[in-house]
Structures are given as structure tokens and as C-alpha cells.
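This report goes with the sequence and structure shown below. It is meant to be read alongside them.

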Amino acid sequence: MFKQKNYFALGAVIFVAVLILSLPASATTRLKFAISSWFLPLFGLADTAQRLPADLADTVLPRRELLQQIAKLRTENQQLKEQQIQTAAIARENDQLRTSLNWQKQAPWKLKLANVVTRDPANWWRTVQIDLGTRDGLRENLPILTASGLVGRISSVKQSSAQVVLLGDPSCRVSALVENAGRDTGILLASGPLDTSLVQLTYLASSANLKSGQNVVTSGLGGIFPKGIPIGQIVDARSVEYGLYTEARVKLNASLGSLEQVWVLFP
Amino acid sequence: MNLFQTSLILAFAFLAVFAQAALDAPRHLLGAQIDLLPGLMIFTALNAGLPAIALLAVFGGLWLDSLSANPLGISILPLLAIGWPIYLRRELILRDLPFAQFVLGAGASAAMPLLTVLMLLSGSQEPLLGWGSLWQLVVMTLGGAVATPLVFALMNWFNHALGYQVRTESSFRLDREIKRTRR
């Protein structure tokens with residue numbers, strides 16, 4: 001019933017699995033990149049297929065609607081220009097004050113737009129792949145954000161793509177600060193596998209005065225995420241471990257379930 | 001080993017892994033992504049040889065892990081653990097019955113994530129687990145169970161449409177024909 005060659009096939013699979021699992025991390029990473037690059041042509045096809053309906057819709061959009069959109073964008077552009085002038089004035093004032101107080105100057109953020117290509121097929125990780133890689137200057141641990149707020153950080157980079165570990169994944173821990181009178185700091189951890197919009201903010205001081213709706217931003221501690229990136233708002237808080245520290249649920253600003261484009265931040 | 005069938009199985013596995021990574025609808029609607037590889041492994045175990053099972057376990061596992069944050073190679077052994085026992089008992093399984101396919105698909109789709117997570121935890125990894133994982137397991141089990149008969153139908157159709165068919169021998173022989181004539 002079970003021939004010798006069958007035992008050979010079975011043994012070969014077990015050997016291959018054990019061999020790959022026991023490879024050093026650098027070799028596994030290279031092998032992983034090599035195997036995942038087989039999917040690159042399919043990513044291109046999927047991207048084209050996703051864009052096709054939008055392109056078709058653009059071609060049949062009536063002229064009147066396009067004109068309305070142009071007028072709306074012109075108004076918005078004017079408002080943004082005014083805001084930019086105000087911001088530049090504030091930045092100059094900030095620079096002058098920093099110089100007079102002998103404080104270190106803050107370098108402006110450099111951002112690069114990336115498309116989300118795939119999501120993790122396994123349900124127990126929260127990662128996505130983006131279409132920028134080492135050839136675009138990306139490196140590990142660069143922060144990823146959207147216009148709404150922080151999304152995660154780069155966990156591994158290939159030549160033309162990178163893996164982003166999202167907030168809420170056990171390997172993405174962020175030092176966060178609550179914008180309240182006490183400026184309480186804690187660490188963002190995973191909350192649960194189902195709801196991607198909520199994360200746990202833990203190790204807050206037991207005396208922390210937390211209220212629903214308070215803003216949570218990055219604290220700048222840890223050296224990966226610059227200070228002041230918006231994360232979300234406090235939903236509720238409770239005392240844990242017999243009052244040793246406080247834990248809060250935070251509703252994320254960025255919608256992690258529907259990410260299409262993200263910004264890579266070069267601090 | 002039927003080379004065409006094995007190639008077809010591997011091509012399907014490749015596309016299934018890509019679909020799992022690229023299509024987000026099940027995750028949005030049900031809260032979990034459905035894994036198609038267990039269903040394909042059942043088809044392979046019931047219709048192909050052990051070399052095909054071995055190839056699917058190795059390549060399917062590597063493809064899945066390469067697009068995931070899983071350590072590379074962690075999905076190979078769970079896939080093999082699904083295919084091998086079914087292969088050993090395949091003479092006793094009514095492989096053409098959709099209900100049998102559904103039940104086997106449910107079992108395999110539940111076993112695959114459980115074994116993978118067990119291996120991750122034993123390798124001191126920290127996967128995202130919680131009470132919600134039970135719901136995800138239910139979705140994966142039922143989704144995989146429903147998908148398995150569909151995988152069978154699709155693979156059989158492809159096999160029939162693209163593969164060489166076995167030439168059926170007719171029992172009719174000219175030299176053994178009884179000629180009935182009037183005397």
C-alpha cells in the first residue's frame with residue numbers, strides 16, 4: 001500500500017520544511033523575497049484590473065460635472081495657499097524662537113506616496129505590501145501614515161516592494177502620548193484580531209486622567225516614530241492589575257481595513 | 001504521476017495564494033480571509049499521487065508564507081499533515097460526493113490554521129490571537145468547506161477540458177459478433 005518511493009517523497013518534504021525553517025534569518029529573508037517576486041506580474045495585472053473601471057468611469061463623466069469639480073478644486077487650492085502662507089509665517093516664528101532659546105531645529109518631513117499592493121493572506125498577522133522598495137530609498141522601520149494619521153512601520157524591504165506592519169499587529173508597538181493636561185504616555189499594543197479600528201493603549205500611569213475623545217499622538221520615544229503624528233482618539237479607559245496602571249482603547253484615525261495609498265515618512 | 005494534473009494543481013495553488021492576498025472582500029464582509037489551499041490539498045490527495053501532494057505542500061506553503069509575515073516554510077508541514085492521512089485512506093472515501101468533499105474541506109480548513117498557529121507559538125512567535133480568532137476559525141472552516149466542492153468541480157472541469165482523456169475500450173468486437181441470419 002505504501003511504497004518505498006512514497007516514504008522518500010514524505011521524507012523529502014519534511015526535510016525541506018525543517019531545512020528552510022532552520023535557515024539563518026538573512027537567508028530566509030532573501031529566499032522569501034525571491035519567491036514573492038514570482039507574484040510581481042500578477043500584482044501589475046491586478047493593479048490594471050482595479051484601475052480599469054475607474055478609467056472607464058472617467059471617460060464617460062459629463063463635461064458639466066468636470067467643470068464643477070475644477071471650480072471646487074480651484075477654491076480648495078486658494079484656501080490651501082492661504083493656509084500655506086500662514087503656516088510658513090508660523091514656521092518662521094517657530095524657527096526664530098528655537099534659535100533664541102538655543103533649541104535644535106526640526107527638519108521638515110519628507111513624504112513618498114506608495115500604493116498598497118496586497119494584504120497578508122494569514123488572518124493572524126496585520127501586514128500589507130507596498131510598491132516602493134530599496135530602489136526608492138526605503139529602509140526598515142520607516143513610519144507609514146495616511147492623511148488621517150499613523151498606519152504602521154516598514155518591517156522588511158525588497159528592491160521594488162516593502163512589507164508594512166500595521167498598528168494592532170503584535171510586532172508593531174508604538175510609544176504614544178495623550179494630549180491632555182498630564183501628557184500621559186503609554187504603549188500601543190494589539191487589541192483583537194477582528195476590529196482593525198481599535199488598539200490598546202497600555203502602561204499609562206494609574207493617575208492618568210483620560211476622557212473619551214482625547215487625541216493620541218506619537219510620543220517620539222523609541223526613536224522610530226517622530227513626535228506628534230496623530231494616531232487616534234481615546235474611546236474608554238480602565239484601571240488594570242489592581243490599579244497598577246491604566247489601559248485605554250484608542251480608535252485609530254486611519255482606516256486600516258481600506259488602505260489603498262499610504263505615505264512613507266522620511267524623518 | 002500525471003504531469004499535466006500536477007502542473008494544473010500547482011498553477012491553481014499559485015493563483016489561489018495570490019487571490020487570498022489581493023482580494024480583500026471576505027475579510028471585509030466576514031472578518032477573515034478564506035484559505036483555498038486545504039481544499040486543493042484534499043483534491044490532490046484524493047485524485048493525484050504522493051509526489052503531487054509533496055509538491056503542493058512545499059510550493060503552496062512557500063508561496064503562502066512569502067506573501068505573509070509567517071516565517072518561511074511554516075505552512076509546509078500543516079499542508080502535508082492534511083494531505084497525507086487522506087491519501088492513505090482515499091480508497092475508503094467517497095470522493096465524488098459533494099457532501100464528503102464538504103466535510104473533508106471543513107476538517108482540513110479548520111486543521112490548517114490550528115496547526116500553523118501551534119507551530120508559530122512553539123517557535124516563540126507572537127501571532128494576533130484573541131476571542132475574535134474563534135470567529136475567524138469558524139469563517140475559515142465553513143468558507144473552506146464550501147470552497148472544497150467548488151475546487152473539485154473547477155479542477156475536474158479543467159482536467160476534462162485540457163487533459164488527455166483515457167481511451168475507453170468498447171466491449172464490442174467484430175470477430176465475436178453473432179451474425180443472425182435466416183436459414
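In which order do the 6 strands of the chain A barrel close, and is the pairing parallel or antiparallel? The order is E6-E7-E8-E11-E10-E9, and the pairing is antiparallel. From one strand to the next the twist averages 45°; axes here are lines fitted to C-alpha atoms, for helices over the stretch in contact, and angles run from 0 to 180 degrees between N-to-C directions.

The model is predicted: local features need pLDDT of at least 70 and side-chain atom pairs count only at pLDDT 80 or more, while totals for chains, interfaces and linings use all residues. Residues are numbered from 1 along each chain as its sequence is written, and chains are lettered from A and ligands numbered from 1 in the order in which they are written.

**Chain A overall**

Chain A has 4 helices and 12 strands. Both kinds of element are DSSP runs numbered from the N terminus, with at least four residues for helices (H or I) and at least two for strands (E). The C-alpha atoms of the chain fill a box of roughly 80 × 65 × 35 Å along the principal axes. The radius of gyration of chain A is 24 Å, whereas a compact globule of 267 residues would have a value near 18 Å; the radius is taken over C-alpha atoms, and the globule rule is 2.2 Å times the number of residues to the power 0.38.

Of the 267 residues in chain A, 31% are buried. A residue is buried if 20 or more other C-beta atoms lie within 10 Å of its own, exposed if 12 or fewer, and partly exposed in between, with C-beta atoms placed from the backbone. Among chain A contacts between residues at least 6 apart in sequence, 54% join residues at least 24 apart; a contact requires C-beta atoms, placed from the backbone, within 7 Å.

Chain A is divided into domain 1 (4–58) and domain 2 (110–267), with bounds that come from an automatic or database domain assignment. The C-alpha centres of these two domains lie 27 Å apart.

**Strand pairing**

Strand E6 (residues 174–178) of chain A runs antiparallel to strand E7 (residues 185–189) of chain A, and 4 bridges join them. Two strands count as paired if DSSP finds at least two bridges between them. E6(A) and E7(A) form a hairpin with 6 residues between them, and A:Arg183 in the turn has a positive phi of about 45°. E7(A) is also joined to E8(A), by 3 bridges, and these two run antiparallel. Residue pairs from these strands include the following.

| Residue | Partner |
|---|---|
| A:Ser175 | A:Ile187 in E7(A) |

**Positive phi values**

Most residues other than glycine have a negative phi. A:Tyr203, which is not a glycine, has a positive phi of about 60°. A:Tyr203 lies in strand E8 (residues 198–204) of chain A and counts as partly exposed because it has 17 C-beta neighbours inside 10 Å. In chain B, phi of B:Ser124 is near 55°, again a positive value in a residue other than glycine. B:Ser124 sits in the loop between helix H6 (98–122) and H7 of chain B. With 6 C-beta neighbours inside 10 Å, B:Ser124 is exposed.

**Core and interface**

The largest nonpolar core has 106 residues, and A:Val151, A:Leu167, B:Leu40 and B:Leu56 have the most contacts inside it. Such a core is a set of buried Ala, Val, Leu, Ile, Met, Phe, Trp, Tyr and Cys residues joined through C-beta atoms within 7 Å. Helix H4 (residues 50–66) of chain B gives the largest share of this core, 11 residues. Domain 1 (4–58) and domain 2 (110–267) of chain A both contribute residues, so the core lies between them. Leaving aside neighbours within four places in sequence, A:Val151 is in contact with residues including A:Ile144, A:Leu167, A:Ala254 and A:Val262.

The contact between the chains takes 36 residues from chain A and 42 residues from chain B. On the chain A side, helix H1 (4–21), helix H2 (25–36), helix H3 (40–59) and strand E1 (110–119) each supply at least two residues. H1(A) gives the most, with 9 residues.

**A buried threonine in chain B**

B:Thr148 lies in helix H7 (residues 132–162) of chain B. B:Thr148 is buried because 28 other C-beta atoms lie within 10 Å. Not counting residues up to four places away in sequence, B:Thr148 touches B:Gly39, B:Ile42, B:Gln101, B:Phe102, B:Leu104 and B:Gly105. B:Thr148 and B:Ala106 are 42 residues apart in sequence and 8.3 Å apart in space, C-alpha to C-alpha.

Methods:
Contact = placed C-beta atoms within 7 Å.
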